[in-house]
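Please look over the chain shown here.

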Amino acid sequence: VTGVNRMRDSDVLDGEPALEVDSAKNAPEKLTTALAATALLAACGGGGEGGSSGMPGNGSPTPGSPAGATYTAAASDEDAVRFLLQAQFSASDADIAAVRNRPYATWLAEQFVAAPSMSGFDWLNERGYGTISSTTNFYDSTYPGDYMLWNQLMTSSDGVRKRIALALSEFFVVSLSGLDFSWRSFAIASWWDMLNVHATGNFRNLLQDVTLHPAMGYYLNTKGNLKENVKTGRAPDENYAREVMQLFTLGIYQLNIDGTEKRDGNGNKLESYTQSDITNIARVFTGWDFDQTQNVNTLEPVNRRNIPNTVFTRIPMRLNPSNHSTLEAKFLGATVAAGADGAEALRVALDTLFNHPNVGPFFGKQMIQRLVTSNPSPAYVARVASAFNNNGAGVRGDLKAVFFAILLDDEARGPAGLAQPGFGKLREPMVRMVQWGRTFGIRSARGSWKMGDLSNPASQLGQSPQRSPSVFNFFRPGYVPPSTALSASLTPAPEFQLVNESSVGGYLNYMQGVIRNGIFVNAPDLPQNTSNTTNGYDITAAYTAELGLVLDAAALVKRLGRVLCAGQLSAATQSLIVAALNATPVTATSTDAVKLNRVAAAVLLVMASSEYLIQK
């Protein structure tokens, strides 16, 4: 992660997305053909024009539907589910009823002020992961962080806040895989909690907490970054200086408010910053380090190590003035005077970045991509960027206004996108996993929630929360799948950067076992990663409503098509799945295992279909 190289949005991986699916291990023979037939991935691309313009200028701190919005309330259960699956992870019967009974804006405003669930940091402490012991070595482990994240995503009551925080985690990227210091799981928990706190706050405050967070400090080298030394030739590290502009605020090229790139008279793109800007702003990010003033060290007796407490992982980094550069710094039209205080230099830098005209369209478009569609129209981007620039009450950077604009825009809510082959997005594997768990009543019998890193594409999901392979996230916003119809039109489909032969087969094989049996857990009665006689499937789904429909394959599939993909499962796909299910008869006298087999097969086949994998 350190010394990460600059990368253009147009950079792509070699190879093409796989359209072949490995046969699912141990699948009933009668289902294998149907599974392969329905598992082909469909391409996603550009959204259409249309929709409303602007945010209401009523001065209210909580915006309503965009001015002129046509689709302000759900006209059907399918409309409600479609909205819910963009705003959060799943759509329960209670959620559907709630959305049907009030305008979208009212429901969303209620979610934004809902009480937050237990923080990830507190959950780790409650489970005993702050214990200092040479037996468990929690202070050197990353797996408690994985357990915490999956628990937060699967069980938290504030699903909208968690969905937004997950989207933010793919813009402001810190990866648990790139942290290597004591209590790294607590650091990622603190980072996750910070994203949740700011999910409906202000971008400027979020940017400051991102910059000074110890996890980011370690990940992109701000921690311990020293001022220049003329005698030795040392210069300030430029890693964060580069990425805070390239990835977290401006992007590489100057943008119009609709996200299109500005060009000079010769048609050349205009870069948004220069190497001089990087070199100068890097001086601002010197002198910061972990704040260890509240450390209480404990001598671990076996290995004779002094282990600090976890407090430093959740408080901002501290400035050491003697390590801070006092040289003049000029960047992006701003100047930090020579000798300026480090805190004041940071304020000038972050204010300058925050107020750059690129931020609204750059950030807004990527949030649209995470929640609604890979290729929003320029008009859609402009409406969201306008909400970022002014929430209707003269406030810039109001994230509540931004997410209202994204989720309530006519381009997101209207039916036009359903008929457009290029509208929508490929569901991320980790989002599919969370949707499965929340939809079907996932539970941990002993409260272990020991779901680990699922990043292996050959045997697992190929993605796990806060486990990006680099600061460039799991995929780039401008990624175009090569050797596809999308490549001819240069149409981005970011999530397809995760798609290859291994990941398609790995997803199906992994989900086949999980959907039917649950997640196998070693020692669910203990917090540590160990094995004992209690090993077993501790984390399972209930399938309460689905088991009630198990004798009627058509009704079962229809329900799954509604709650999993907002009624977008075609009649042909439903018929294919129903035929596959009916090939193995189930009666009222069938065993519970046989009934569960049918439900699991139905869920797997729906979650393997292209109409599910592409979220519209």
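The report below starts with the whole chain and then turns to single elements and residues.

This is a predicted model: local features need pLDDT of at least 70, side-chain atom pairs count only at pLDDT 80 or more, and totals for chains, interfaces and linings use all residues. Residues are numbered from 1 along each chain as its sequence is written, and side-chain values use heavy atoms, with hydrogens and water left out.

**Whole chain**

The chain holds 25 helices and 11 strands. Both are DSSP runs numbered from the N terminus: helices are H or I with at least four residues, strands are E with at least two. Of the 616 residues, 57% are buried. Buried means under 20% relative accessible area, exposed means over 50%, and partly exposed lies in between (1.4 Å probe, protein chains only). The accessible surface is about 22,800 Å², and carbon and sulfur atoms hold 50% of that. These areas come from the Shrake-Rupley method with a 1.4 Å probe; for residues, only the protein chains shown count as cover. A contact means heavy atoms within 4.5 Å. Among contacts with a separation of 6 or more, 74% join residues 24 or more positions apart.

**H4 against H7**

Helix H4 (residues 104–112) meets helix H7 (residues 159–169): their axes come within 8 Å and cross at roughly 80 degrees. That makes H4 roughly perpendicular to H7. Axes are lines fitted to C-alpha atoms, for helices over the stretch in contact, with angles from 0 to 180 degrees between N-to-C directions. Under 35 degrees counts as roughly parallel, over 145 as roughly antiparallel, 65 to 115 as roughly perpendicular, and the rest as oblique. H4 brings Trp107, Leu108, Gln111 and Phe112 to the contact, and H7 brings Val160, Arg161 and Ile164.

**Salt bridges**

A salt bridge is a side-chain nitrogen of Lys or Arg within 4 Å of a carboxyl oxygen of Asp or Glu. The count by this rule is 25. The table gives some of the pairs.

| Pair | Closest N to O |
|---|---|
| Asp93 and Arg562 | 3.4 Å |
| Arg263 and Glu261 | 3.9 Å |

Arg263 is partly exposed at 46% relative accessibility. Salt bridges with shared partners join Asp77, Asp93, Arg100, Glu546, Arg559 and Arg562 into one network.

What does the pair of Asp93 and Arg562 tie together? Asp93 lies in helix H3 (residues 93–100) and Arg562 in helix H22 (residues 553–565), so the pair ties together parts that are 469 residues apart in sequence. Asp93 is partly exposed, with a relative accessible area of 40%. Arg562 is buried at 18%.

**Helix H11**

In helix H11 (residues 239–246), 8 of the 8 residues are buried, so the rest of the structure largely encloses it. One of these buried residues is Arg242, with a relative accessibility of 16%. The cover over H11 includes helix H9 (203–212), helix H10 (214–219), helix H12 (275–282), helix H13 (342–354) and helix H14 (359–371).

**Phe181**

Phe181 sits in the loop between H7 and helix H8 (184–198). Is Phe181 buried or exposed? Phe181 is buried, at 9% relative accessibility. Leaving out residues up to four places away in sequence, Phe181 touches Tyr139, Ala187, Tyr218, Phe290 and Phe312. Phe181 and Ser141 are 40 residues apart in sequence, with 9.4 Å between their C-alpha atoms.
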